[in-house]
Amino acid sequence: MATNRTDGYTTDVSYPAFFYKEMQPLWLTSVARLLGLAAPDPALPFTFCELGCGIGINLLVAAASHPDARFVGVDFNPAHLQTARDAARAGGLENIEFVHSGFADFSSSNRTQFDFIATHGVWSWIAPAHRASLLACVAASLKPGGLFYLHYMCHPGSTDMLAVQHFLNVFSHHVPGTSAQQARTGLELLRQLGEAGLFVDKPAVLARLRKLGELDPSHLAHEFLTDHWHPQHSVEVHRQVGAAGLSYLGSADVFNNLDPQLSIPGRLQGVVNRIAAPALAETVKDMARNSHQRMDLFQREPRPLGREARLAQLDAIVFKLLPGAPTQGPFSFATPIGNIEGPAEILAPLLQRLAAGPASFAELARLPALAGQPGLLLQSLQLLMFREIVHPVKPVPTPGNPHAQKLAQWFERHGISLRLVDECATAVGNPS
Ligand SMILES: C[S@@+](CC[C@H](N)C(=O)[O-])C[C@H]1O[C@@H](n2cnc3c(N)ncnc32)[C@H](O)[C@@H]1O
(Lines give C-alpha, C1' and ligand atoms only; values in the text may rest on other atoms or scores of the structure.)
Protein backbone atom coordinates (compact mmCIF):
# COMPACT_ATOMS: atom_id res chain seq x y z
CA MET A 1 0.00 0.00 0.00
CA ALA A 2 1.37 3.46 -0.91
CA THR A 3 2.17 5.29 2.28
CA ASN A 4 1.82 8.96 1.24
CA ARG A 5 4.82 9.72 3.43
CA THR A 6 8.41 10.91 3.10
CA ASP A 7 10.76 9.39 5.68
CA GLY A 8 7.64 8.35 7.58
CA TYR A 9 6.09 11.87 7.64
CA THR A 10 2.79 12.78 5.87
CA THR A 11 3.43 14.65 2.62
CA ASP A 12 0.42 14.08 0.36
CA VAL A 13 -1.92 16.60 2.01
CA SER A 14 -1.16 20.14 3.17
CA TYR A 15 -0.96 21.19 6.79
CA PRO A 16 -3.55 23.88 7.59
CA ALA A 17 -2.81 27.49 8.64
CA PHE A 18 -1.87 27.92 12.29
CA PHE A 19 -0.40 30.84 14.17
CA TYR A 20 1.49 30.71 17.48
CA LYS A 21 2.21 33.98 19.24
CA GLU A 22 4.79 32.12 21.34
CA MET A 23 7.24 31.69 18.46
CA GLN A 24 7.29 35.29 17.27
CA PRO A 25 10.67 37.05 17.74
CA LEU A 26 9.32 39.95 19.83
CA TRP A 27 7.53 37.50 22.13
CA LEU A 28 10.64 35.32 22.52
CA THR A 29 12.85 38.31 23.36
CA SER A 30 10.26 39.63 25.80
CA VAL A 31 9.92 36.27 27.56
CA ALA A 32 13.70 35.96 27.92
CA ARG A 33 13.79 39.48 29.38
CA LEU A 34 10.91 38.72 31.75
CA LEU A 35 13.02 35.74 32.89
CA GLY A 36 15.87 38.18 33.58
CA LEU A 37 18.18 37.26 30.71
CA ALA A 38 19.86 39.21 27.93
CA ALA A 39 18.22 38.49 24.56
CA PRO A 40 18.60 39.45 20.89
CA ASP A 41 17.41 43.02 20.35
CA PRO A 42 14.33 43.17 18.07
CA ALA A 43 15.11 46.85 17.39
CA LEU A 44 18.22 45.77 15.42
CA PRO A 45 18.21 43.87 12.09
CA PHE A 46 18.09 40.23 13.29
CA THR A 47 17.99 36.84 11.57
CA PHE A 48 15.30 34.23 12.25
CA CYS A 49 14.94 30.66 10.97
CA GLU A 50 12.00 28.27 11.25
CA LEU A 51 12.76 24.57 10.74
CA GLY A 52 9.71 22.76 9.33
CA CYS A 53 7.81 25.95 8.51
CA GLY A 54 4.79 24.34 6.77
CA ILE A 55 2.87 26.96 4.78
CA GLY A 56 4.81 29.64 6.66
CA ILE A 57 2.06 31.56 8.50
CA ASN A 58 4.25 32.29 11.54
CA LEU A 59 7.21 33.45 9.48
CA LEU A 60 5.02 35.58 7.20
CA VAL A 61 3.54 37.48 10.15
CA ALA A 62 7.03 37.97 11.60
CA ALA A 63 8.53 39.10 8.27
CA ALA A 64 5.70 41.59 7.68
CA SER A 65 6.12 42.95 11.22
CA HIS A 66 9.91 43.34 11.12
CA PRO A 67 10.86 44.72 7.68
CA ASP A 68 14.53 45.17 8.66
CA ALA A 69 15.02 41.58 9.83
CA ARG A 70 15.70 38.51 7.68
CA PHE A 71 13.66 35.30 7.78
CA VAL A 72 14.35 31.80 6.47
CA GLY A 73 11.84 28.93 6.41
CA VAL A 74 12.99 25.36 5.77
CA ASP A 75 10.67 22.52 4.76
CA PHE A 76 10.86 19.40 2.59
CA ASN A 77 7.25 19.63 1.34
CA PRO A 78 7.24 21.61 -1.95
CA ALA A 79 3.46 22.14 -1.88
CA HIS A 80 3.78 23.88 1.52
CA LEU A 81 6.53 26.14 0.22
CA GLN A 82 4.55 27.05 -2.88
CA THR A 83 1.74 28.42 -0.68
CA ALA A 84 4.24 30.19 1.56
CA ARG A 85 6.02 31.83 -1.41
CA ASP A 86 2.71 32.89 -2.93
CA ALA A 87 1.79 34.65 0.33
CA ALA A 88 5.24 36.29 0.59
CA ARG A 89 4.91 37.63 -2.97
CA ALA A 90 1.40 38.93 -2.24
CA GLY A 91 2.70 40.68 0.88
CA GLY A 92 5.64 42.20 -1.05
CA LEU A 93 7.94 40.55 1.50
CA GLU A 94 11.52 40.64 0.27
CA ASN A 95 13.01 39.79 3.66
CA ILE A 96 11.88 36.16 3.64
CA GLU A 97 13.22 33.08 1.89
CA PHE A 98 11.71 29.60 1.80
CA VAL A 99 14.27 26.84 1.35
CA HIS A 100 13.19 23.46 -0.01
CA SER A 101 15.35 21.11 2.02
CA GLY A 102 15.55 18.43 4.67
CA PHE A 103 17.29 19.37 7.91
CA ALA A 104 20.50 17.43 7.22
CA ASP A 105 21.05 19.11 3.83
CA PHE A 106 20.16 22.53 5.21
CA SER A 107 22.60 22.03 8.06
CA SER A 108 25.47 21.38 5.65
CA SER A 109 24.57 24.06 3.05
CA ASN A 110 23.45 26.94 5.31
CA ARG A 111 25.94 29.77 5.85
CA THR A 112 23.72 32.15 7.87
CA GLN A 113 24.05 32.53 11.63
CA PHE A 114 20.67 33.12 13.28
CA ASP A 115 19.59 35.16 16.30
CA PHE A 116 16.48 32.98 16.59
CA ILE A 117 15.70 29.42 15.50
CA ALA A 118 12.19 28.05 16.03
CA THR A 119 10.49 24.77 15.33
CA HIS A 120 6.86 23.97 16.04
CA GLY A 121 4.96 20.73 15.43
CA VAL A 122 8.04 18.95 14.08
CA TRP A 123 10.36 17.46 16.74
CA SER A 124 8.02 14.76 18.11
CA TRP A 125 6.75 13.68 14.70
CA ILE A 126 9.96 12.87 12.79
CA ALA A 127 12.47 10.00 12.70
CA PRO A 128 15.28 10.05 15.30
CA ALA A 129 17.88 10.73 12.55
CA HIS A 130 15.93 13.86 11.49
CA ARG A 131 15.69 15.03 15.10
CA ALA A 132 19.46 14.68 15.31
CA SER A 133 19.88 16.70 12.06
CA LEU A 134 17.51 19.37 13.33
CA LEU A 135 19.55 19.73 16.49
CA ALA A 136 22.79 19.73 14.47
CA CYS A 137 21.35 22.69 12.48
CA VAL A 138 20.69 24.54 15.72
CA ALA A 139 24.14 23.75 17.12
CA ALA A 140 25.81 24.94 13.89
CA SER A 141 23.65 27.99 13.07
CA LEU A 142 22.52 29.66 16.31
CA LYS A 143 24.58 32.68 17.36
CA PRO A 144 25.92 32.93 20.92
CA GLY A 145 23.10 34.54 22.88
CA GLY A 146 20.61 33.32 20.24
CA LEU A 147 17.25 31.85 21.25
CA PHE A 148 15.90 28.42 20.28
CA TYR A 149 12.16 27.74 20.53
CA LEU A 150 11.28 24.04 20.60
CA HIS A 151 7.72 22.76 20.65
CA TYR A 152 7.20 19.06 21.36
CA MET A 153 4.83 16.49 22.83
CA CYS A 154 5.53 15.45 26.37
CA HIS A 155 4.50 13.04 29.08
CA PRO A 156 2.34 12.46 30.96
CA GLY A 157 -0.44 14.31 29.05
CA SER A 158 0.37 12.65 25.70
CA THR A 159 1.09 9.17 27.07
CA ASP A 160 -2.50 7.89 26.79
CA MET A 161 -2.64 8.89 23.14
CA LEU A 162 0.21 6.50 22.21
CA ALA A 163 -2.29 3.65 21.65
CA VAL A 164 -4.58 5.91 19.60
CA GLN A 165 -1.71 7.09 17.38
CA HIS A 166 -0.37 3.56 16.98
CA PHE A 167 -3.80 2.36 15.83
CA LEU A 168 -4.23 5.24 13.35
CA ASN A 169 -0.74 4.71 11.95
CA VAL A 170 -1.20 0.94 11.46
CA PHE A 171 -4.70 1.49 10.04
CA SER A 172 -3.37 4.01 7.51
CA HIS A 173 -0.83 1.48 6.22
CA HIS A 174 -3.67 -0.95 5.40
CA VAL A 175 -6.39 1.13 3.74
CA PRO A 176 -6.39 3.05 0.44
CA GLY A 177 -6.96 6.79 0.04
CA THR A 178 -5.20 10.02 0.87
CA SER A 179 -3.74 10.53 4.33
CA ALA A 180 -6.67 12.80 5.16
CA GLN A 181 -9.15 10.08 4.22
CA GLN A 182 -7.19 7.46 6.15
CA ALA A 183 -7.08 9.69 9.24
CA ARG A 184 -10.81 10.41 9.06
CA THR A 185 -11.92 6.79 8.57
CA GLY A 186 -9.43 5.53 11.17
CA LEU A 187 -10.77 7.98 13.71
CA GLU A 188 -14.36 7.02 12.87
CA LEU A 189 -13.50 3.35 13.46
CA LEU A 190 -11.89 4.26 16.79
CA ARG A 191 -15.02 6.20 17.73
CA GLN A 192 -17.16 3.12 16.98
CA LEU A 193 -14.80 0.95 19.01
CA GLY A 194 -15.12 3.50 21.81
CA GLU A 195 -18.93 3.16 21.72
CA ALA A 196 -18.45 -0.62 21.92
CA GLY A 197 -16.46 -0.28 25.15
CA LEU A 198 -12.86 0.45 24.13
CA PHE A 199 -11.14 2.92 26.51
CA VAL A 200 -13.95 2.44 29.05
CA ASP A 201 -11.32 2.94 31.79
CA LYS A 202 -9.94 6.07 30.05
CA PRO A 203 -12.72 8.68 29.84
CA ALA A 204 -10.18 11.41 29.01
CA VAL A 205 -9.14 9.50 25.86
CA LEU A 206 -12.79 9.13 24.82
CA ALA A 207 -13.33 12.86 25.32
CA ARG A 208 -10.20 13.61 23.27
CA LEU A 209 -11.40 11.32 20.45
CA ARG A 210 -14.69 13.23 20.31
CA LYS A 211 -12.77 16.53 20.03
CA LEU A 212 -10.46 15.14 17.35
CA GLY A 213 -13.52 14.38 15.23
CA GLU A 214 -14.02 18.16 14.88
CA LEU A 215 -10.57 18.72 13.33
CA ASP A 216 -9.69 19.16 9.68
CA PRO A 217 -8.70 15.65 8.43
CA SER A 218 -5.49 17.06 6.87
CA HIS A 219 -4.51 18.34 10.30
CA LEU A 220 -5.29 14.91 11.79
CA ALA A 221 -3.13 13.25 9.15
CA HIS A 222 -0.09 15.39 10.05
CA GLU A 223 -0.75 14.95 13.74
CA PHE A 224 -1.31 11.18 13.89
CA LEU A 225 -0.20 9.25 10.81
CA THR A 226 3.54 9.68 11.10
CA ASP A 227 5.61 6.52 11.55
CA HIS A 228 7.57 8.31 14.31
CA TRP A 229 5.19 9.71 16.94
CA HIS A 230 7.38 10.31 19.96
CA PRO A 231 6.31 12.14 23.12
CA GLN A 232 9.19 12.61 25.58
CA HIS A 233 9.80 13.59 29.16
CA SER A 234 10.86 17.23 29.24
CA VAL A 235 13.97 16.39 31.23
CA GLU A 236 15.11 14.03 28.45
CA VAL A 237 14.62 16.77 25.82
CA HIS A 238 16.52 19.25 28.00
CA ARG A 239 19.38 16.77 28.21
CA GLN A 240 19.49 16.32 24.43
CA VAL A 241 19.36 20.05 23.69
CA GLY A 242 21.88 20.64 26.48
CA ALA A 243 24.28 18.23 24.78
CA ALA A 244 24.06 20.49 21.69
CA GLY A 245 25.42 23.35 23.82
CA LEU A 246 22.21 25.19 24.74
CA SER A 247 20.73 26.01 28.14
CA TYR A 248 17.06 25.79 29.11
CA LEU A 249 15.67 29.20 30.10
CA GLY A 250 11.99 28.52 30.72
CA SER A 251 8.80 28.21 28.75
CA ALA A 252 7.71 30.37 25.81
CA ASP A 253 4.22 29.61 27.10
CA VAL A 254 4.36 32.13 29.93
CA PHE A 255 1.69 30.35 31.94
CA ASN A 256 4.33 27.77 32.84
CA ASN A 257 6.69 30.48 34.14
CA LEU A 258 4.15 31.80 36.64
CA ASP A 259 4.64 31.19 40.34
CA PRO A 260 3.42 27.73 41.41
CA GLN A 261 0.59 29.49 43.35
CA LEU A 262 -0.92 30.31 39.95
CA SER A 263 0.29 27.52 37.70
CA ILE A 264 0.11 24.36 39.85
CA PRO A 265 -3.07 22.87 41.38
CA GLY A 266 -3.41 24.02 45.00
CA ARG A 267 -2.69 20.84 46.94
CA LEU A 268 0.52 20.17 44.99
CA GLN A 269 2.06 23.62 45.42
CA GLY A 270 3.74 22.81 48.73
CA VAL A 271 5.41 19.73 47.25
CA VAL A 272 6.70 21.61 44.18
CA ASN A 273 8.00 24.48 46.31
CA ARG A 274 10.08 22.08 48.42
CA ILE A 275 11.88 20.48 45.44
CA ALA A 276 15.31 22.01 44.90
CA ALA A 277 16.59 19.93 41.94
CA PRO A 278 15.40 21.68 38.71
CA ALA A 279 14.97 18.42 36.73
CA LEU A 280 12.82 16.89 39.46
CA ALA A 281 10.78 20.09 39.86
CA GLU A 282 10.15 20.20 36.09
CA THR A 283 9.06 16.56 36.12
CA VAL A 284 6.64 17.10 38.98
CA LYS A 285 5.26 20.25 37.29
CA ASP A 286 4.58 18.31 34.07
CA MET A 287 2.81 15.68 36.16
CA ALA A 288 0.86 18.25 38.18
CA ARG A 289 -0.30 20.02 35.01
CA ASN A 290 -0.71 16.80 33.02
CA SER A 291 1.20 18.66 30.26
CA HIS A 292 0.80 17.16 26.81
CA GLN A 293 2.85 19.66 24.78
CA ARG A 294 5.58 22.10 25.69
CA MET A 295 7.01 25.24 24.11
CA ASP A 296 10.51 25.41 25.57
CA LEU A 297 12.93 28.26 25.26
CA PHE A 298 16.69 27.60 25.13
CA GLN A 299 19.65 29.90 24.68
CA ARG A 300 23.16 29.45 23.44
CA GLU A 301 25.65 30.88 25.93
CA PRO A 302 23.12 32.77 28.06
CA ARG A 303 24.57 35.92 29.58
CA PRO A 304 23.26 36.41 33.11
CA LEU A 305 22.62 40.06 33.90
CA GLY A 306 23.27 41.91 37.11
CA ARG A 307 20.26 43.07 39.14
CA GLU A 308 20.36 46.66 37.79
CA ALA A 309 20.55 45.59 34.15
CA ARG A 310 17.76 43.03 34.67
CA LEU A 311 15.46 45.62 36.17
CA ALA A 312 16.34 48.23 33.54
CA GLN A 313 15.40 45.95 30.64
CA LEU A 314 12.21 44.89 32.43
CA ASP A 315 11.26 48.51 33.11
CA ALA A 316 11.69 49.35 29.42
CA ILE A 317 9.22 46.73 28.06
CA VAL A 318 6.11 48.52 26.81
CA PHE A 319 2.76 46.72 27.00
CA LYS A 320 -0.45 47.25 25.07
CA LEU A 321 -3.96 45.82 25.15
CA LEU A 322 -4.70 43.47 22.26
CA PRO A 323 -7.82 44.10 20.15
CA GLY A 324 -10.98 42.88 21.87
CA ALA A 325 -9.31 42.66 25.29
CA PRO A 326 -11.75 42.89 28.21
CA THR A 327 -11.07 45.91 30.44
CA GLN A 328 -13.60 45.14 33.12
CA GLY A 329 -14.10 42.21 35.52
CA PRO A 330 -14.91 39.59 36.52
CA PHE A 331 -11.34 38.45 36.00
CA SER A 332 -11.68 34.73 35.60
CA PHE A 333 -9.11 33.05 33.33
CA ALA A 334 -9.27 29.62 31.75
CA THR A 335 -5.89 27.91 32.26
CA PRO A 336 -4.48 24.40 31.78
CA ILE A 337 -5.23 23.69 35.46
CA GLY A 338 -8.78 25.07 35.43
CA ASN A 339 -10.24 28.52 36.03
CA ILE A 340 -8.15 31.03 37.97
CA GLU A 341 -9.79 33.99 39.69
CA GLY A 342 -7.48 37.01 39.23
CA PRO A 343 -7.29 39.73 41.93
CA ALA A 344 -9.70 42.49 40.74
CA GLU A 345 -7.99 45.13 42.92
CA ILE A 346 -4.79 44.67 40.85
CA LEU A 347 -6.15 43.78 37.42
CA ALA A 348 -8.86 46.47 37.21
CA PRO A 349 -6.47 49.45 37.56
CA LEU A 350 -3.88 47.73 35.37
CA LEU A 351 -6.32 47.18 32.51
CA GLN A 352 -7.85 50.62 33.00
CA ARG A 353 -4.42 52.20 32.57
CA LEU A 354 -3.68 50.12 29.48
CA ALA A 355 -7.08 50.99 28.01
CA ALA A 356 -5.82 54.59 27.90
CA GLY A 357 -2.78 53.55 25.80
CA PRO A 358 0.50 51.58 25.90
CA ALA A 359 2.57 51.81 29.07
CA SER A 360 6.00 50.61 30.13
CA PHE A 361 6.59 48.20 33.00
CA ALA A 362 8.17 51.07 34.94
CA GLU A 363 5.06 53.20 34.43
CA LEU A 364 2.69 50.39 35.43
CA ALA A 365 4.79 49.68 38.53
CA ARG A 366 3.99 53.21 39.71
CA LEU A 367 0.21 52.62 39.73
CA PRO A 368 -0.96 53.02 43.35
CA ALA A 369 -2.44 49.47 43.40
CA LEU A 370 0.94 48.03 42.40
CA ALA A 371 3.40 50.38 44.05
CA GLY A 372 6.24 48.47 45.67
CA GLN A 373 5.03 45.13 44.25
CA PRO A 374 6.98 44.57 40.98
CA GLY A 375 6.74 40.80 41.46
CA LEU A 376 2.96 40.96 41.50
CA LEU A 377 2.98 43.16 38.38
CA LEU A 378 5.24 40.65 36.62
CA GLN A 379 2.89 37.78 37.47
CA SER A 380 -0.20 39.76 36.44
CA LEU A 381 1.27 40.82 33.10
CA GLN A 382 2.33 37.28 32.28
CA LEU A 383 -1.15 35.98 33.08
CA LEU A 384 -2.62 38.66 30.78
CA MET A 385 -0.07 37.83 28.05
CA PHE A 386 -0.95 34.16 28.32
CA ARG A 387 -4.67 34.95 27.88
CA GLU A 388 -3.97 37.21 24.84
CA ILE A 389 -5.16 40.32 26.64
CA VAL A 390 -1.86 42.18 26.85
CA HIS A 391 1.20 42.05 24.57
CA PRO A 392 4.62 43.72 24.44
CA VAL A 393 4.93 46.49 21.83
CA LYS A 394 7.63 46.35 19.16
CA PRO A 395 10.42 48.86 19.72
CA VAL A 396 10.50 50.28 16.18
CA PRO A 397 7.00 51.11 14.87
CA THR A 398 6.15 50.73 11.19
CA PRO A 399 3.37 53.29 10.61
CA GLY A 400 0.88 52.20 7.92
CA ASN A 401 2.95 49.05 7.34
CA PRO A 402 2.10 48.16 3.70
CA HIS A 403 3.38 44.58 4.08
CA ALA A 404 1.10 43.84 7.02
CA GLN A 405 -1.84 45.27 5.08
CA LYS A 406 -1.13 43.21 1.94
CA LEU A 407 -0.52 40.05 3.95
CA ALA A 408 -3.82 40.61 5.79
CA GLN A 409 -5.54 40.81 2.39
CA TRP A 410 -3.91 37.53 1.32
CA PHE A 411 -5.12 35.90 4.55
CA GLU A 412 -8.62 37.17 3.86
CA ARG A 413 -8.60 35.93 0.25
CA HIS A 414 -7.55 32.49 1.50
CA GLY A 415 -10.15 32.29 4.27
CA ILE A 416 -7.52 32.59 7.04
CA SER A 417 -9.21 34.52 9.84
CA LEU A 418 -6.10 35.96 11.41
CA ARG A 419 -5.83 39.63 12.31
CA LEU A 420 -2.39 41.21 12.26
CA VAL A 421 -1.54 43.51 15.15
CA ASP A 422 1.43 45.33 13.69
CA GLU A 423 2.30 47.46 16.76
CA CYS A 424 2.82 44.20 18.68
CA ALA A 425 4.40 42.21 15.82
CA THR A 426 1.81 39.49 16.25
CA ALA A 427 -1.62 38.35 15.13
CA VAL A 428 -4.80 37.33 16.95
CA GLY A 429 -7.57 34.84 16.28
CA ASN A 430 -6.13 31.43 15.43
CA PRO A 431 -7.40 30.27 12.03
CA SER A 432 -7.89 26.67 13.25
C1 LIG B 1 2.98 19.93 11.58
S2 LIG B 1 3.81 20.82 10.36
C3 LIG B 1 4.20 22.30 11.26
C4 LIG B 1 4.26 23.53 10.39
C5 LIG B 1 4.54 24.84 11.12
N6 LIG B 1 5.77 24.75 11.88
C7 LIG B 1 3.38 25.18 12.04
O8 LIG B 1 3.53 25.00 13.25
O9 LIG B 1 2.35 25.62 11.54
C10 LIG B 1 5.41 20.01 10.25
C11 LIG B 1 6.23 20.47 9.07
O12 LIG B 1 7.54 19.87 9.14
C13 LIG B 1 7.93 19.49 7.84
N14 LIG B 1 8.93 18.40 7.95
C15 LIG B 1 8.76 17.19 8.53
N16 LIG B 1 9.91 16.48 8.46
C17 LIG B 1 10.81 17.26 7.82
C18 LIG B 1 12.18 17.07 7.45
N19 LIG B 1 12.82 15.93 7.73
N20 LIG B 1 12.81 18.09 6.83
C21 LIG B 1 12.16 19.26 6.53
N22 LIG B 1 10.86 19.48 6.86
C23 LIG B 1 10.20 18.50 7.51
C24 LIG B 1 6.64 19.04 7.18
O25 LIG B 1 6.68 19.05 5.77
C26 LIG B 1 5.64 20.05 7.74
O27 LIG B 1 5.49 21.16 6.90
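**Walking through the fold**

Modeller: Strands β3 (residues 47-51) and β4 (residues 70-75) pair in the parallel sense, over 5 bridges. Keep in mind that this is a predicted model.

Biologist: Which residue is the bridge partner of Cys49 in β4?

Modeller: Val72 is the partner of Cys49 there.

Biologist: And what is the strand order of the 7-stranded sheet?

Modeller: The order is β5-β4-β3-β6-β7-β9-β8. The sheet is open, and its pairing is mixed.

Biologist: Which are the edge strands?

Modeller: They are β5 (96-100) and β8 (246-251). Each of those pairs on one side only.

Biologist: How many degrees are neighbouring strands turned against each other?

Modeller: On average 20°, with direction ignored.

Biologist: Which strands does helix α1 touch when it packs on this sheet?

Modeller: Helix α1 (residues 25-34) touches β3, β6 (114-119), β7, β8 and β9 (293-300). The direction of α1 makes about 75° with that of β9.

Biologist: What about α2, which strands does it lie across?

Modeller: Helix α2 (residues 57-65) lies across β3, β4 and β5. It runs at about 170° to β4.

Biologist: Switching to the ligand. Which residues come nearest?

Modeller: Gly52, Gly54, Phe76, Asn77 and Gly121 come nearest, out of 19 residues around the ligand.

Biologist: What is the shell like by class?

Modeller: There are 8 nonpolar, 9 polar and 2 charged residues in the shell.

Biologist: Now domains. Where do the bounds fall?

Modeller: The domain assignment gives domain 1 as 16-156 + 231-300. Domain 2 is 161-223, and domain 3 is 316-392.

Biologist: What separates the centres of domain 1 and domain 2?

Modeller: 28 Å, taken over C-alpha atoms.

Biologist: On to α7 and α8. At what angle do they pack?

Modeller: Helix α7 (residues 179-195) and helix α8 (residues 203-212) pack at about 145°. Their axes are 10 Å apart.

Biologist: Is that crossing left-handed or right-handed?

Modeller: The crossing of α7 and α8 is left-handed.

Biologist: Which residues make the contact?

Modeller: From α7, Leu187, Leu190, Arg191 and Gly194. From α8, Leu206, Leu209 and Leu212. By class, the contact of α7 with α8 has 5 nonpolar, 1 polar and 1 charged residues.

Biologist: Next, the 3-stranded sheet. What is its order?

Modeller: β13-β10-β14, an open sheet with antiparallel pairing. The edge strands are β13 (359-360) and β14 (390-392), and each pairs on one side only.

Biologist: How many bridges do β10 and β14 pair over?

Modeller: Strand β10 (residues 318-321) pairs with β14 over 3 bridges, in the antiparallel sense. Leu321 stands opposite Val390 in β14.

Biologist: And β11 with β12, how many bridges join them?

Modeller: 4 bridges join β11 (residues 332-335) to β12 (residues 338-341), and the two strands run antiparallel. Ser332 has Glu341 in β12 as its bridge partner. A hairpin through 2 residues joins β11 to β12.

Biologist: Last topic, the backbone. Is the peptide bond from His155 to Pro156 cis or trans?

Modeller: That bond is cis, with omega near 0°. Pro156 is in the loop between β7 (142-153) and α6 (161-172).

Biologist: What is phi of Asp7?

Modeller: Near 50°. That is a positive value in a residue other than glycine.

Biologist: Where does Asp7 have its place?

Modeller: In the loop between β1 (5-6) and β2 (9-10).

How values were computed:
Residues are numbered from 1 along each chain as its sequence is written. This is a predicted model: local features need pLDDT of at least 70, side-chain atom pairs count only at pLDDT 80 or more; totals for chains, interfaces and linings use all residues. A residue is near a molecule or strand if its C-beta atom, placed from the backbone, lies within 6 Å of it. Ala, Val, Leu, Ile, Met, Phe, Trp, Tyr, Cys and Pro count as nonpolar, Asp, Glu, Lys and Arg as charged, and the others, Gly among them, as polar. Domain bounds come from an automatic or database domain assignment. Two strands pair if DSSP finds at least two bridges between them. Axes are lines fitted to C-alpha atoms, for helices over the stretch in contact, and angles run from 0 to 180 degrees between N-to-C directions. A crossing is left-handed if the near helix is turned anticlockwise from the far one by less than a right angle, and right-handed if clockwise. Two residues are in contact if their C-beta atoms, placed from the backbone, lie within 7 Å.
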